[in-house]
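Please examine the sequence and the structure shown below before reading on.

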Amino acid sequence: MNINALPSAAVAASPTLLQEIAEEIVTALNLDVAPGDIDPKAPLYRDGLGLDSIDILEVALVVSRKYGFQLRANEDDNVRIFSSLESLAGHVATHRTK
């Protein structure tokens, strides 16, 4: 089975990748929360971490630069991709080139 053919939600991100992305989010957005305190299953947008659309765009830029692939604003899957840290990390694990 080709892992790249699976939806990114089906790919489990390592705890290291989850921590790494949480650190990137906290640093990029200058959040007043420890990366380890971000619940991987909690929503990133509005409820949960409380990010807004501008924050999500910043996260997309940071992730794109760090992991070598583009997250585009017009992707049909963005709601799922950015639904939680876990979902974002799964997407990164599937598509990263770095």
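The questions and answers below concern a predicted model.

Q: Is helix 1 parallel, antiparallel, perpendicular or oblique to helix 2?
A: The axes of helix 1 (residues 15-29) and helix 2 (residues 53-67) come within 10 Å and cross at roughly 125 degrees. Angles of 65 to 115 degrees count as roughly perpendicular and those over 145 as roughly antiparallel, with the rest, once roughly parallel ones under 35 are set aside, called oblique. Helix 1 is therefore, relative to helix 2, oblique.

Q: Is the crossing of helix 1 and helix 2 left-handed or right-handed?
A: The handedness describes how helix 1 passes helix 2. This crossing is right-handed.

Q: How many nonpolar residues does the contact of helix 1 with helix 2 have?
A: Helix 1 brings Leu17, Glu20, Ile21, Glu24, Ile25, Ala28 and Leu29 to the contact, and helix 2 brings Asp55, Glu58, Val59, Val62, Lys66 and Tyr67. By class, five of these residues are charged and none is polar. The nonpolar residues number eight.

Q: Which helix gives the most to the lining of the largest pocket?
A: The lining consists of Ile56, Leu57, Ala60, Leu71, Arg72, Ala73, Asn78, Val79 and Phe82. Helix 2 and helix 3 (78-81) each supply at least two of the lining residues. With three residues, the greatest contributor is helix 2.

Q: How many residues in the lining of the largest pocket are nonpolar?
A: The largest pocket has a volume of about 180 Å³. One residue of its lining is polar and one is charged. The number of nonpolar residues is seven.

Terms used: Residues numbered from 1 in each chain as written. Predicted model: local features only at pLDDT ≥ 70, side-chain atom pairs only at ≥ 80, totals over all residues. Heavy atoms only, no water. Axes fitted to C-alpha atoms, helices over the stretch in contact; angles between N-to-C directions. Helix = DSSP H or I, 4+ residues; strand = E, 2+ residues; numbered from the N terminus. Left-handed = near helix turned anticlockwise from the far one by under 90°. Contact = heavy atoms within 4.5 Å. Nonpolar A, V, L, I, M, F, W, Y, C, P; charged D, E, K, R; others polar. 1 Å grid on protein atoms, 1.4 Å probe; cavity = no way out; pocket = protein on both sides within 12 Å on 5 of 7 lines; lining within 4 Å. Points joined across faces, edges and corners; volume = space filled by probe spheres on them.
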